[in-house]
Amino acid sequence: MKNGNEGQSTVLWWIGWILLTILSFFVSCYFWTGFIAKNVGGMDKPGVPVLWVTAVFGSWMVLLVPLIVLMYSKVDKAYEDARIARETAALDKAKTAFRVRSVFVEPKKRILTKALSQKLKQFPETLKKAHLVTATLKNGRRVENVFVVYRREVLGVYDRDSLDFEIKDIADLERADLGRLPDFKSEKWLRLDGIGAY
């Protein structure tokens with residue numbers, strides 16, 4: 001309903017703008033025709049037609065300046081609204097196409113120790129600037145499919161309903177066995193930065 005009203009309002013605005021443009025021309029004609037006839041003379045006098053055309057179109061151009069500025073701002077807003085609508089639709093589509101569970105863990109609590117970050121330098125990247133690893137905690141428990149970006153930030157874990165350990169408790173990392181990876185499903189990932197939470 002709102003979009004329909006906005007569309008109708010835009011059409012009415014354009015009609016109004018066109019009418020104002022035409023009206024300003026006739027106002028200019030009316031004013032200069034009377035003014036020139038009274039102060040200079042009729043159209044049969046030499047130079048009067050040129051003076052009339054110059055005066056009418058010159059003043060019409062001056063009257064059009066605020067209308068052009070108004071039109072530009074309206075068109076700019078229409079393009080901006082259309083861009084926002086496209087981006088919102090694309091974001092909504094992306095959310096439904098790639099849904100992941102998400103919780104917010106403070107950035108400083110997602111950071112690996114320097115020693116572990118150095119160790120990741122020895123591992124080839126699983127994705128560009130990212131590693132898929134198995135983490136061993138200080139209590140000996142192993143957590144498979146931990147996603148690390150930039151060799152320092154744990155961004156996600158796979159197949160967990162919640163983050164049941166703290167990043168500071170990771171004692172060691174090893175490369176994930178790429179030959180034994182599960183059939184990853186987006187809804188089974190748990191993001192730790194809170195983005196796209198549901």
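This is a predicted model: local features need pLDDT of at least 70, side-chain atom pairs count only at pLDDT 80 or more; totals for chains, interfaces and linings use all residues.

Q: Which residue does the K109 side chain meet in a salt bridge?
A: That's E106, with an N to O distance of 4.0 Å. E106 is partly exposed too, at 35% relative accessibility.

Q: How many salt bridges turn up in the whole structure?
A: The search finds 12. One of them links R83 and E87, whose closest N and O atoms are 2.7 Å apart.

Q: Where do R83 and E87 sit relative to each other?
A: They're in helix 2, residues 48-97, and because they are four residues apart there, about one helical turn separates them. R83 has a relative accessible area of 30%, so it counts as partly exposed. E87 is partly exposed as well, at 46%.

Q: What about D193, which residue is its salt-bridge partner?
A: R191, with the closest N and O atoms 2.5 Å apart. D193 is buried at 14% relative accessibility, while R191 is partly exposed at 25%.

Q: Switching to strands. How many residues of strand 2 are buried?
A: Eight of its eight, over residues 130-137. Both faces are covered: A130, L132, T134 and T136 are buried on one side, and H131, V133, A135 and L137 on the other.

Q: Which strands does strand 2 pair with?
A: Strand 3, residues 142-149, pairs with strand 2 in the antiparallel sense over six bridges. Strand 5, residues 170-175, also runs antiparallel to strand 2, joined by five bridges.

Q: And what are the bridge partners of A135?
A: V143 in strand 3, and L173 in strand 5.

Q: What's going on with G140 in the hairpin?
A: G140 takes a positive phi near 90 degrees. The hairpin is made by strand 2 and strand 3, with four residues between the strands.

Q: Now helix 1. Is S28 buried or exposed?
A: Buried, at 4% relative accessibility. S28 is in helix 1, and leaving aside residues up to four places away in sequence, it touches A55, V56, S59 and W60.

Q: Which residues form the nonpolar patch on the surface?
A: V11, L12, I15 and L19, with about 390 Å² of accessible area together. I15 is also in helix 1, residues 2-39, and is partly exposed at 45% relative accessibility.

How values were computed:
Residues are numbered from 1 along each chain as its sequence is written. Side-chain values use heavy atoms; hydrogens and water are left out. Patches are made of residues with over 30% relative accessible area and no salt bridge: like charges are joined within 9 Å, nonpolar side chains (Val, Leu, Ile, Met, Phe, Trp, Tyr) within 5 Å. Accessible areas come from the Shrake-Rupley method with a 1.4 Å probe; for residues, only the protein chains shown count as cover. Helices (H or I, at least four residues) and strands (E, at least two) are DSSP runs, numbered from the N terminus. Buried means under 20% relative accessible area, exposed over 50%, partly exposed in between (1.4 Å probe, protein chains only). Contact means heavy atoms within 4.5 Å. Two strands pair if DSSP finds at least two bridges between them.
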